[in-house]
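Me: Please take a close look at the nonpolar core in this model, and then follow the side-chain pairings around it. A plain account will do.

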Amino acid sequence: MESNIELAVKPKVQIKGIGEGLLIILGEGNWQDLHDFLLEQIDQQAEFLRGARIALDVGNQVLKAVDLGQLRSQLLDREITLWAVISNSPTTEQTAQTLGMATRIEKVKPEHVEPPASGATHMGEQAILLHRTLRSGFSIHFPGHVVVIGDVNPGAEIIAGGNIIVWGRLRGMVHAGAEGNNNAIVCALDLMPTQLRIANQISMSPKERKKALPEIVRLLNGEVVAEPWNPK
Amino acid sequence: MPGKVVTITSGKGGVGKTTATANLGAALAAEGKKVVCIDADIGLRNLDVVLGLENRIVYDLVDLIEGRCRSRQALIRDKRLPELFLIPAAQTRDKSAVSPSDMTRLCDDLRGEFDWILIDSPAGIERGFRNAIAPTDIAVVITNPEVAAVRDADRIIGLIEAEEKGPARLLINRIKPGMVKRGEMLSPDDVLELLAVELIGMVPEDEVVITSTNRGTPVVLDGKSKAGQAFRNIAKRLQGEKIPFLPLEEESGFFGKISKLIRTGGN
């Protein structure tokens, strides 16, 4: 990508064909400028792009729902579907997921695959904090720990490489230690998940409802075991 | 003051979006407010039928957006309430005929002339929903007290928050107090515990709604119907009045539950 005739050294916008449609890669810079520039570029090729499906790589941009939602509407006006947003920022990924867009396009982006954990650090020691209610349809995949302050409703899912901590009601699907970590735990103030997985073990909540109390779940001899949280 | 845009949506179909739109529109118009109801369910229109205005349609929403008519021509005046208007959906097109910014532009034009713009959203979370939600000031999510409807309402509330159109207001429709009392139906408490949003109204199941819908006469115009009373109260709450929630049944025990709801819902 060293030379781009039209835009010289550092292209602001690159367009590539991929299996699922077009991939647009944005350069670095102010979001508003890039956004305007992108629409300008698209309008210049309006005929060619009409009806296209676009995946957008926004690099390190941290984008909120208004930003992505607005862009999606503007693209829709031009009869272009924005189906995926690829980003290095977990915030942007979350925004895209909440808006129902994909955040991965297989095959094309080898540079975005997480580097394998080096021997020195334990896999996924990073954590992400979600301070909100996770509603049906919400999905997060994170290689480290996931901490939620709020409820995880039925139909929401959390897939974490590390532990999952829910300061609220856990009713959705959670998978801790998703990359095979048998020492991962799940804990919640009120534990009634639709399904709970740790590493390769899958369990369901018992049918009868107990009194809500904080519980911690871990693997003991290969089985999923929930115990009341009992601080000494 | 420019008019407010209220979108009535649900995710799941058949929970009462169209009935609620027609009744809230009629209730607001009966109070002398100038109201337009927009049917955003392009391809499956039926707000016109519920309002009994089907035979007056000449132009529709898509004609208006594509510039084949002026807004005055697409607005159908209700036959009973002179302040109530309808913009019907096109029946021969589909949701892709309209974009979210078309809807925003249209509503911005209507704000000057109307006090309230009510949008009847189609079921689903796709283009039609996004069209309906784009211009909204107040999103009203309708659910029934059943698990599948509540699950979809949860999803919709999440999408509304993601589009920064929140916080959504919740309307629980078709409650059967007897079944709730026997523990056979989710109670409003159960629904609110899961969805954690502000309640704007609870409407009991009422057979009069079915007959009035078939006749094309909104049930709010029926002074005796309980559902009609509930919708009239919701119209007042939309305007910012503090109206206590109706007891769903006069039997003792239930009232206590409702008064508890008023405290949780009324913040």
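Reply: The model is predicted. Its largest nonpolar core has 38 residues, and the members that touch the most others are B:Leu171, B:Phe231 and B:Leu238. The element that gives the most to this core is helix α1 (residues 17-30) of chain B, with 7 residues. Once neighbours within four places in sequence are set aside, the contacts of B:Leu171 include B:Ala20, B:Val140, B:Val141, B:Ile142 and B:Thr143. B:Ile200, B:Gly201, B:Val203, B:Phe231 and B:Ile234 are also among the contacts of B:Leu171. Another core lies apart from this one; it has 26 residues, including A:Ile140, A:Phe142, A:Ala160 and A:Ala176. As background, nonpolar side chains in soluble globular proteins tend to be buried together.

Next, the rings. Over all chains, the search finds 1 aromatic pair. The ring centres of B:Phe85 and B:Phe114 are 5.6 Å apart and the planes stand at 75°, so this pair is edge-to-face. B:Phe85 belongs to strand β4 (residues 84-87) of chain B, while B:Phe114 is in the loop between α5 (100-111) and β5 (116-120) of that chain; the pair links distant parts, 29 residues apart. Both B:Phe85 and B:Phe114 are buried. B:Phe114 also has a charge over its ring: the charged end of B:Lys34 sits there, 5.0 Å from the centre. A charge sits over B:Phe245 as well, where the charged end of B:Arg237 is 4.2 Å from the ring centre.

Because B:Glu161 is in helix α7 (residues 147-162) of chain B and A:Arg135 in the loop between β5 (127-130) and β6 (139-142) of chain A, the pair joins two chains. B:Glu161 is partly exposed at a relative accessible area of 35%, whereas A:Arg135 is buried at 4%.

Within chain A, a salt bridge connects A:Arg171 and A:Asp190 at 3.9 Å, N to O. A:Arg171 is in the loop between β9 (164-170) and β10 (173-176) and A:Asp190 in strand β11 (residues 186-191), so the bridge ties together parts 19 residues apart in sequence. A:Arg171 counts as buried at 18% relative accessibility, and A:Asp190 is buried with a relative accessible area of 8%.

In chain B, the closest N and O atoms of the salt bridge between B:Arg68 and B:Glu66 are 2.8 Å apart. B:Arg68 is partly exposed at 45% relative accessibility. Through shared partners, salt bridges join A:Asp151, A:Arg169, A:Arg171, A:Asp190 and B:Glu193 into one network.

Methods:
Residues numbered from 1 in each chain as written. Chains lettered and ligands numbered in written order. Predicted model: local features only at pLDDT ≥ 70, side-chain atom pairs only at ≥ 80, totals over all residues. Heavy atoms only, no water. Phe/Tyr/Trp six-rings, centres within 6.5 Å; stacked < 30°, edge-to-face > 60°. Helix = DSSP H or I, 4+ residues; strand = E, 2+ residues; numbered from the N terminus. Buried < 20%, exposed > 50% of the residue type's maximum accessible area, 1.4 Å probe, protein only. Lys NZ or Arg CZ within 6 Å of the ring centre and 35° of its normal. Core = buried A, V, L, I, M, F, W, Y, C linked by side-chain atoms within 4.5 Å. Contact = heavy atoms within 4.5 Å. Salt bridge = Lys/Arg side-chain N within 4 Å of Asp/Glu carboxyl O.
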